[in-house]
Amino acid sequence: MEVSSKENTHFFSNNTILPVDRSSFKSESSASKEKQSCCGGIKIFLGALSFVYFAKALSGSYLKSTITQLERRFDIPSSLVGVIDGSFEIGNLLIIILVSYFGAKLHRPRIIGAGCLIMSAGTFLIAMPQFFMGRYRYERFPSTTNSTVSLSPCLQDKSQTPLSVLEKSQTKINAGCEKEAGSSMWIYVLLGNLLRGIGETPIQPLGIAYIDDYAVEENAALYIGCVQTVAIIGPIFGFLLGSLCAKLYVDIGFVDLDSVTISPKDMQWVGAWWLGYLIAGVISVLAGIPFWFLPRHLPKPESRKDSSTSSEHSKFIIEENKDQRTSSWQQAKLAEMAKDFLPSLKNLFGNPVYILYLCASIIQFNALIGMVTYKPKYIEQQYGQTSSKTNFVIGLINIPAVAFGMFSGGLIMKKFRIGVLGAAKLSLGSSFFGYLLLLSLFAMGCENSDVAGLTVSYHRTRPMTDYEPTLFSECNSGCSCSKNDWDPICGEDGVTYVSACLAGCQASSGSGKSTVFFNCSCVGTSESSQSSSAVVGPCQKGNECPKMFLYFLVISVITSYTLSVGGTPGYILLLRCIKPHLKSFALGIYTLAIRVLAGIPAPVYFGVAIDTTCLKWGSKRCGGRGACRLYDSSALRYVYLGLTLVLGTVSVFFSVAVLWVLRKRSSPQDETLSANGERGACGTKSRKDNFVNSDQLIQSTYWPEKETRL
């Protein structure tokens with residue numbers, strides 16, 4: 001009280017002695033103008049960064065929505081699509097260290113703007129094969145233009161077809177082979193996604209650091225939360241854009257759509273996948289424009305100029321107005337940091353809570369990334385849904401559930417003031433119940449479609465358990481059919497046949513999608529049925545399948561919400577179990593491990609596992625295996641859900657180990673403490689040395705990759 005009274009006396013005495021002039025008013029007005037310009041500048045940057053987050057999340061989710069389209073368009077297996085999907089992470093890792101270190105010393109807004117241009121260039125490159133590889137060709141019986149003329153799909157003798165027609169057909173095939181042999185256009189998609197990953201690299205570290213440096217301290221967390229919220233909206237629009245483009249035919253604008261004889265329900269249908277990449281590329285270009293006009297530095301808020309605690313940017317980056325003596329100090333500081341690298345690494349990996357949580361996160365992200373990457377494919381194959389409807393459902397239902405789950409996790413922690421142990425319990429509980437719900441999806445699948453020669457025998461004369469798949473039978477033995485064709489027709493007996501020739505059809509009438517085949521010797525319940533007919537396209541799945549799809553959607557949404565609730569508590573647990581001076585280093589190791597050990601390999605081995613369930617592979621024009629045309633529904637369900645569940649169960653065991661270590665290292669008083677930072681660090685032995693201040697740790701509850709892994 002004495003000190004404060006003396007200060008007040010001194011203050012009033014100064015006011016009486018010093019004359020009041022207009023300079024004080026000028027300084028106050030300049031300070032207010034500086035504050036307004038600071039707030040205005042940071043808000044403009046905030047709006048621009050939010051738009052960039054939206055753009056990169058939109059393009060990333062749109063890639064997920066086109067997985068099956070890319071497979072069919074380029075005739076590649078799921079494992080190769082997994083490599084294409086993982087190339088984004090590879091591009092990101094190539095320059096992450098350079099951008100994080102040197103980017104902070106340069107003009108950060110312009111580096112982000114350059115990254116947007118690179119990201120848009122990669123997005124445009126992904127779409128380029130559409131304009132260079134010619135029109136999409138699918139397998140289809142050449143229907144007649146005049147319904148009075150009848151062609152026989154079952155060619156007992158090649159003399160039935162005029163020689164000129166065979167020669168022209170063979171010439172077209174040879175020309176296609178020559179063109180296809182010299183090009184593997186999917187490489188451009190891989191390189192484009194790699195370039196997109198490189199361009200995305202500076203957005204997160206430099207953008208978040210810029211806000212943290214120049215925003216008012218109490219507003220920084222709010223601004224970062226706004227950016228993350230906008231980032232969650234991006235995938236919603238990405239999948240909705242994928243739904244819209246999947247409805248349009250791949251060569252829309254280039255061919256007469258009336259001549260297209262396949263529908264979106266056909267396994268050979270390819271939507272206008274390239275159109276969405278052009279739209280996403282334009283959005284990325286527009287998002288990068290404001291950063292070229294933003295200043296390198298903004299005036300710092302008054303609250304931070306005299307503050308003893310400064311941001312990481314002000315601690316480690318030398319400003320231009322420093323004297324020359326700071327360069328030698330910087331060299332000494334860098335040498336000291338390099339010398340302290342190995343001890344810091346040893347200290348970090350000696351923390352059992354950090355190591356166990358890192359292992360749990362790596363395994364869990366393997367499950368989540370693999371599940372999200374192939375979820376559209378699983379819905380299409382398991383429930384017979386179109387790509388358009390699948391993307392619409394994921395974008396409009398699943399992603400909002402994930403976003404709401406993340407928000408709920410943070411709200412629960414704040415409302416109930418949950419501490420470290422509580423965060424560990426909440427994270428473990430959400431994972432356990434989430435994977436328990438996932439277990440129920442095994443009972444919500446559809447049976448295989450009845451495909452003659454693949455899932456059932458011709459005329460169903462033998463049970464499926466004793467049946468060995470073969471496309472040839474006595475009923476089509478007199479036809480010159482190819483086993484490599486995939487041109488499915490639906491017989492009036494409810495069985496799908498791989499082609500009209502393999503169905504033994506003797507005549508056809510109509511054109512395009514209305515083509516009808518007659519006198520199909522393989523269609524019917526007995527070989528005496530000679531008047532059976534069939535129509536173009538595969539038969540629909542059983543009557544129970546739509547009901548199962550509805551059940552799947554309900555459980556899937558609840559599962560997504562439940563798993564997402566534990567995201568924010570788990571991330572807070574990670575922050576509060578490490579020493580404050582190792583926070584940035586620990587988060588860097590965490591992000592690197594997730595990208596290298598989960599983001600890159602998960603789509604690849606999930607794709608390899610899914611490929612093992614294929615029943616009918618497509619064939620390229622020049623030979624070789626193409627994309628899968630038909631999957632074993634039961635095997636796909638067990639492989640896809642089983643692999644996800646096994647990985648999730650292993651991660652739960654690691655989470656239990658984390659909780660056990662926390663209980664062992666914490667006192668009973670720690671369990672009752674609130675989440676305000678008044679606790680010892682949970683992963684070390686010394687409570688004094690590892691005291692954690694909440695103001696230092698909880699700068700942002702950012703879950704790495706959450707906007708791209710929905």
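A residue counts as buried when its relative accessible area is under 20%, as exposed when over 50%, and as partly exposed in between, with a 1.4 Å probe and protein chains only. Helices (H or I, at least four residues) and strands (E, at least two) are DSSP runs, numbered from the N terminus.

This is a predicted model, in which local features need pLDDT of at least 70 and side-chain atom pairs count only at pLDDT 80 or more, while totals for chains, interfaces and linings use all residues. Residues are numbered from 1 along each chain as its sequence is written, and side-chain values use heavy atoms, with hydrogens and water left out.

**Overall**

The protein comes to 25 helices and 7 strands. Of its 710 residues, 52% count as buried. Contact means heavy atoms within 4.5 Å. Among contacts between residues at least 6 apart in sequence, 78% join residues at least 24 apart.

Helix 16 is mostly covered, with 9 of its 9 residues buried. The buried residues are K375, P376, K377, Y378, I379, E380, Q381, Q382 and Y383. Just after helix 16, G384 takes a positive phi of about 65°.

Two packed helices are described by the angle between their axes and the distance between the axes. Here axes are lines fitted to C-alpha atoms, for helices over the stretch in contact, and angles run from 0 to 180 degrees between N-to-C directions. Two helix pairs are set out below.

| Pair | Angle | Axes |
|---|---|---|
| Helix 16 (residues 375–383) and helix 23 (residues 633–665) | roughly 155° | within 10 Å |
| Helix 4 (residues 78–102) and helix 7 (residues 186–200) | about 30° | 7 Å apart |

Angles under 35 degrees count as roughly parallel, over 145 as roughly antiparallel, 65 to 115 as roughly perpendicular and the rest as oblique. Helix 16 and helix 23 are therefore roughly antiparallel to each other. On the helix 16 side the contact is made by K375, Y378, Q381 and Q382, and on the helix 23 side by S633, L636, R637, Y640 and L641. These residues divide into 4 nonpolar, 3 polar and 2 charged. In this count Ala, Val, Leu, Ile, Met, Phe, Trp, Tyr, Cys and Pro are nonpolar, Asp, Glu, Lys and Arg are charged, and the others, Gly among them, are polar.

**Helix 4 and helix 7**

The angle of about 30° makes helix 4 roughly parallel to helix 7. Residues in this contact include L80, V83 and F88 of helix 4, and W186, V189 and L190 of helix 7. The residues of the contact divide into 12 nonpolar, 5 polar and 3 charged.

**The sheet**

Two strands pair if DSSP finds at least two bridges between them. An open sheet is formed by 5 strands in the order 2-1-5-4-3, with antiparallel pairing. Strand 2 (496–497) and strand 3 (505–509) stand at the edges with a single partner strand each, so one side of each has no neighbour in the sheet.

Strand 3 is mostly covered, as 4 of its 5 residues are buried. Strand 3 pairs with strand 4 (residues 516–520) in the antiparallel sense over 4 bridges. C505 stands opposite C520 in strand 4, and S508 stands opposite F517. The hairpin of strand 3 and strand 4 has 6 residues between the strands, and G510 takes a positive phi near 90° there.
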